[in-house]
Structure formats: C-alpha cells, structure tokens
Amino acid sequence: MNDQQKMVVAISSRALFDLAESHQLFETQGVEAYCKYQIERENEILQPGAAFPLVKKLLALNDLGKPRERVEVILLSRNSADTGLRIFNSIQEHKLPITRAAFTNGLSPFKYVEPFGADVFLSTEAEDVANTLELGFAAATMLPSNSQKTSESEHKLCIAFDGDAVVFSDEAELVYQEKGLAEFSKHEALAAKKPLPGGPFRNMLASLHSIQSEFSIEDSPIRTAIITARSAPAHERVIRTLRAWNIRIDEAVFLGGLPKGAFLKTFGADIFFDDQEGHCESAREHVPTGHVPHGVKNIRSIK
C-alpha cells in the first residue's frame with residue numbers, strides 16, 4: 001500500500017460507466033459531435049459499466065468495522081472538463097464517493113497514475129493499460145462481460161488472479177514458452193524453495209491482504225484467489241512464494257491446463273486478472289475480467 005495505508009484504484013470513465021453509444025458517435029462522427037452529444041445530455045445519468053459493481057464493493061470497504069479510508073477511487077478520463085461534467089453528475093447520482101479526477105481532453109491519462117499514487121489502473125483502452133504496465137504499475141483492460149454473480153459470497157468482495165506474469169513475474173512462463181512443459185516442471189521443482197519475483201499485481205494483492213488483516217478470516221469482507229494453469233509439482237513454488245511474501249491467499253486452484261471460466265464462477269469472482277487473451281475470453285463468459293498485457297505472451301501485442 002502507499003504511505004496513506006489505503007489502496008488507490010484509478011479507473012477510466014468508460015470502465016466505470018456505459019459510454020458505448022457516445023464512443024461509437026466519436027468513432028464515426030468525430031470529437032465535435034461527441035462533445036455536443038455529451039453536453040446536451042449532461043443531466044442524463046449514465047448506466048453502470050463493466051467495472052461499476054467492483055468499484056461499489058471497493059468503496060463499501062471504507063464503511064466496515066472501524067470506518068476509515070481503506071480504498072480511494074480516482075477517475076482518469078480522456079474527456080474534457082466540459083464533457084466530463086456528465087460523468088461527475090452520474091458519479092454523484094449513483095452516490096459514489098469519488099472526488100479526484102483528471103480530464104485530459106483526448107490525450108492518454110495514464111501519465112497521472114504515478115502522481116495520484118494509484119496501485120492499479122482499470123481502463124477499456126488497451127494502449128493506456130500497456131503504457132501503464134511499462135511504467136511499472138498494475139493495470140488491466142476491462143473486457144465486456146454479461147456475467148452476473150450468483151455465488152454464496154454475494155456480499156464479499158472476491159478477487160481472483162492468475163499467477164505467472166500477473167501476481168508473479170513471467171520468469172517461469174518464459175521457461176515454458178522456450179522449452180516446453182517437461183522442462184518447465186523440472187525447472188519449477190528445482191526452484192521450489194526460491195520465491196518467484198513479483199509481477200505487476202503483487203502490490204495490489206498485498207494491499208488487499210493488508211485490509212483483510214483488520215478482520216478475522218471468518219469476518220473478512222474480502223476473499224482472494226489464485227487460479228492458475230499450473231499443476232503439481234509446480235504448485236509448491238507458488239505456495240512458498242506467497243509464504244515468503246507474508247501474503248495470505250484464501251483459495252488456490254491449480255488447474256493443470258483446464259479452462260478457468262467455470263472455476264471462477266464457482267469462486268464468485270467480482271473480477272479476474274489474467275495475462276493470456278485466451279484465458280480472458282473463457283473467463284469473461286462467467287465473471288468480469290481484466291486482461292493484463294504483460295510478460296512473454298504479450299510481447300508482440302504491446303510493441
């Protein structure tokens with residue numbers, strides 16, 4: 001966590017609200033038509049977007065137990081201040097306690113992730129996400145999902161992560177890509193007691209763990225999971241790495257290559273972060289999903 005001991009989440013306006021109609025207008029008719037459209041409708045309240053339910057649950061953490069600011073959400077938007085008025089009107093109407101924002105009038109807002117001290121940036125703009133990751137900050141591209149959460153953990157915040165290239169570095173994934181499964185398994189067995197280097201989402205997981213530590217395991221409002229394609233014997237290094245980091249994980253699922261979607265639905269994830277597009281496509285049919293274009297599997301796509 002940052003110096004204020006709170007988790008700071010930066011989010012784009014299109015991830016927070018459904019701006020598909022106005023964005024289509026921008027794509028087809030240009031910025032002037034878009035600006036006119038938004039200003040004329042600035043008192044029409046926007047409907048929730050892909051990350052809206054997650055944001056509501058994150059902000060609700062501030063009211064639990066001994067109330068304090070555990071999470072702050074900051075808006076980073078390519079809108080201008082003029083067109084952004086509709087967004088802030090919608091924020092107020094939905095009663096979201098979001099007070100800080102940057103409107104960049106068409107330019108990428110990712111440069112403000114660092115000065116705002118954000119731990120993670122959620123956006124629908126893949127280029128902004130890739131640039132944020134290159135700066136060394138966690139970021140994910142929010143993907144469209146029609147999933148609705150129906151698990152027993154309805155009132156808990158459930159966040160799931162892939163392992164390699166997300167919570168951990170892509171060191172082991174690189175071995176797999178270059179030498180195959182047999183050499184990967186051998187490599188990880190030999191390195192089982194050597195903690196993996198951290199990946200872009202290590203700090204976010206640590207921030208969630210810090211909030212969890214205020215509550216008993218039974219009463220914690222957060223559940224975390226690592227849902228990974230790894231299997232035995234490569235599982236041991238994951239467990240020992242988290243132990244070395246002193247980070248508690250509530251659930252760990254080692255799938256050995258099985259599709260992740262059904263397992264994520266069972267866990268009841270409010271969001272799942274994965275570096276591989278194929279896994280994200282499977283996951284988003286079941287739960288809200290963020291693609292993390294980081295590591296060896298994404299080298300070509302982020303160039």
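Is Val129 buried or exposed? Before the answer, note that this is a predicted model. Val129 is buried, because its relative accessible area is 0%, and buried here means under 20%.

Where does this residue sit? Val129 is part of helix α6. Leaving aside residues up to four places away in sequence, Val129 touches Ser123, Ala139, Ala140, Thr141, His291 and Pro293. Take Ala140 from that list: Val129 and Ala140 are eleven residues apart along the chain, and their C-alpha atoms are separated by 5.8 Å.

Now the strands on either side of that helix in the chain. β4, residues 120-123, is covered on both faces. Val120 and Leu122 are buried on one side, and Phe121 and Ser123 are buried on the other. β4 pairs with β5, residues 138-143, in the parallel sense over four bridges. In that pairing, Ser123 stands opposite Thr141 of β5. To get from β4 to β5, the chain passes through α6, residues 126-134, and this β-α-β crossover is right-handed.

β4 has another partner. Strand β1, residues 7-11, pairs with β4 in the parallel sense over three bridges, and Ile11 stands opposite Leu122.

β5 also pairs with β10, residues 289-291, this time in the antiparallel sense, over three bridges. There, Leu143 has Thr289 in β10 as its bridge partner.

Stepping back, what is the order of the strands in the open sheet? The ten strands run β3-β2-β1-β4-β5-β10-β9-β6-β7-β8, and the pairing is mixed. The edge strands, each pairing on one side only, are β3 at 101-103 and β8 at 251-254. On average, neighbouring strands of this sheet are turned by 20° against each other, direction ignored. Helix α5, residues 81-93, packs on the sheet, where it touches β2 (71-77) and β3. The direction of α5 makes about 150° with that of β3.

Last, a pair of helices. Two packed helices are described by the angle between their axes and the distance between the axes. For α2, residues 20-29, and α3, residues 31-40, the axes come within 7 Å and cross at roughly 150°. Angles over 145 degrees count as roughly antiparallel, so α2 is roughly antiparallel to α3.

Which residues meet in this contact? From α2 they are Glu21, Ser22, His23, Leu25, Phe26 and Gln29, and from α3 they are Val31, Ala33, Tyr34, Tyr37 and Gln38. By type, the residues of this contact are six nonpolar, four polar and one charged.

Notes. Residues numbered from 1 in each chain as written. Predicted model: local features only at pLDDT ≥ 70, side-chain atom pairs only at ≥ 80, totals over all residues. Heavy atoms only, no water. Axes fitted to C-alpha atoms, helices over the stretch in contact; angles between N-to-C directions. Helix = DSSP H or I, 4+ residues; strand = E, 2+ residues; numbered from the N terminus. Parallel < 35°, antiparallel > 145°, perpendicular 65-115°, else oblique. Contact = heavy atoms within 4.5 Å. Nonpolar A, V, L, I, M, F, W, Y, C, P; charged D, E, K, R; others polar. Buried < 20%, exposed > 50% of the residue type's maximum accessible area, 1.4 Å probe, protein only. Pairing = 2+ DSSP bridges. Right-handed = clockwise from strand over helix to strand, strands pointing away.
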